[in-house]
Amino acid sequence: MLHMQTDTPARTDPTALLEHVIGLARAQGADAAEAVFSSSRSLSVGVRKGAVETVESDEATDLGLRVFVGQKQAVVSVSEFSGRTLQRLVERCVAMARLAPDDAYAGLADPALLWRGDGVDLDIFDPTELSADALRERALACEAAGLIDPRLQSDAASAGQSFTRWQLLTSDGFEGRHRTSLSFQSARLIATDETGGMERDGEGRSTRYLSDLPAPEATGAIAAERALKALGARKIDSRTAPVLFEPRTAKSLIGLFLGAISGPSVARGSSYLKDRLGQRLFAPGVHIIDNPFRPRGLGSCLYDDEGVAVRERALIDDGILTTWLLNSAAGRQLGMASTGHASRSLAHPAGVSAHNVTLSPGTTSADDLMKAAGSGVLITSMFGPSVNSDTGDWSAGASGFVFENGELTHPVNEITVAGNLIDIFARLQPASDLEIKGTLDTPSILVDGLSIGGK
């Protein structure tokens, strides 16, 4: 019987902890292993009608272990690090791997693709920390700034912060670590009118640095403007017409594109774009860029969750689809190299995700696109999307505004918009109003004709 060391490194030394579990895994019979340490803490305060409604504080420290036995793999995680717990963790993980089905594509990342310790300072950690009282005052300021009209009442407002430390170690010698911070605030308001009509809308922002957040008053004011503008919404007759998606909704279309170029989906044959690599999808002049090196970016990194070095990529270059989003397993299955898009939780093998994606802006303002379109619908919110992964047929519930002769006329709700995404991508026209706010940003997008379902 194999007797394993059960002494546990100090909890405050993640490197020693990771080295310890990898050593135990190799001693237990694993051919290779990958261990991840994550610690996080967060604090948020929610208010409603001038009073604190929620105070949420969370601290978590976890360790995830992935082991490989031949072409088999297993993943487990724990949040308690005693010697006995870690020994059981390793025993269970190796035993699970031995029972798992063979996976010809499982394994650590290609050593030739790993990050080598160089790169720019991404500036993604801000040590500035607010107290619960300060967060409460910020949330109250968001809410108060939105109550600018007697027709408005608060639905909720909040402010908070989170701080995360993450470290990856593999049995073939890769080590990477980073710290991140996030500050956020939001306000959501309810607007009512004399007829009993009620509309909800809001605004929220998240940034790496507290100083990059807008003033709370700006967040509340935007929420109020959106809620008030939506009052008086009514149904419209079904039609086919131009549709202008404002940035909040336009980015959901590009998000659907990102899902369709996900390597695992393509490898399974479950993407409507699976045969389109290297082909034209968008109009000439359209570019979709993934930049992991954006300073203070919410998706910025030097390497992915398997340690593969990342680089800036044009996912769409002058309208042409240039790449899939690949982790190591999907790359092997497709006969390609990882693109540095592996993303994983501690308890599961890697999936894929993009970093900081932007649809490059066009040269025409959203107002001018609307004027050129003549009559149609401006979409400001969408919900309940449905996509056929084999064909790209898409529909979603929506609300927004009717425009006629290039001018907004009245709000509209309880409509659906529908079309085929391949056709939508080919015909969409980006406006010039791009603002960088998150991990996926687009300007407004005009599609010259979509099916609009109404009454």
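Modeller: In this discussion a strand is a DSSP run of E that holds at least two residues, and strands are numbered from the N terminus. Thr170 belongs to one of them, strand β4, which covers residues 152-170. Please keep in mind throughout that we are looking at a predicted model.

Colleague: Is Thr170 buried or exposed, and how do you know?

Modeller: Its relative accessible area is 7%, and buried means under 20%, so Thr170 is called buried. Leaving aside neighbours within four places in sequence, Thr170 is in contact with Ile22, Ala33, Glu34 and Leu108.

Colleague: Which residues does the record mark as a domain?

Modeller: An unreviewed UniProt entry carries the annotation "domain: Metalloprotease TldD/E N-terminal" for residues 33-97. In the model, that stretch is 23% helix and 65% strand, and its end C-alpha atoms are 11 Å apart.

Colleague: How do you know what span to expect for helix α2?

Modeller: The expected span is 1.5 Å times one less than the number of residues. Helix α2, residues 83-99, has 17 residues, and the 25 Å from its first C-alpha to its last is close to the expected 24 Å. The same test for helix α5, residues 247-260, takes its 14 residues and finds a reach of 20 Å, close to the expected 20 Å.

Colleague: Which residues of α2 are buried, and what do they pack against?

Modeller: The buried ones are Gly83, Thr85, Leu86, Leu89, Val90, Cys93, Val94 and Ala97. Seen down the helix axis, these buried residues of α2 fall within an arc of 165°, so they line one face of the helix. They pack against α1 (14-28), β2 (51-69) and β3 (72-78), while Arg84 and Leu99, on the other side of α2, are exposed.

Colleague: Why can residues a few places apart in an α-helix point the same way?

Modeller: An α-helix has 3.6 residues a turn, so residues three or four places apart point the same way.

Colleague: What makes the contact between Arg248 and Asp201 a salt bridge?

Modeller: The cut-off asks for a side-chain nitrogen of Lys or Arg within 4 Å of a carboxyl oxygen of Asp or Glu. Arg248 and Asp201 come to 3.0 Å, N to O, and therefore the pair counts as a salt bridge. This pair links distant parts of the chain, with Arg248 in helix α5 and Asp201 in strand β6 (residues 198-207), 47 residues apart. Arg248 is partly exposed at a relative accessible area of 30%, whereas Asp201, at 12%, counts as buried.

Colleague: How do you know that Asp448 and Arg427 also meet in a salt bridge?

Modeller: Their N to O distance is 2.0 Å, which is within the 4 Å of the cut-off. Asp448 lies in strand β19 (residues 445-453) and Arg427 in helix α9 (residues 421-427), so the pair ties together parts that are 21 residues apart in sequence.

Colleague: How many salt bridges does a search of the whole structure find?

Modeller: The search finds 19 of them, and a network of salt bridges links Glu34, Arg66, Glu306 and Arg344.

How values were computed
Residues numbered from 1 in each chain as written. Predicted model: local features only at pLDDT ≥ 70, side-chain atom pairs only at ≥ 80, totals over all residues. Heavy atoms only, no water. UniProt positions renumbered as here; feature names shortened; annotations may be inferred. Helix = DSSP H or I, 4+ residues; strand = E, 2+ residues; numbered from the N terminus. Buried < 20%, exposed > 50% of the residue type's maximum accessible area, 1.4 Å probe, protein only. Arc of directions from axis to C-beta. Contact = heavy atoms within 4.5 Å.
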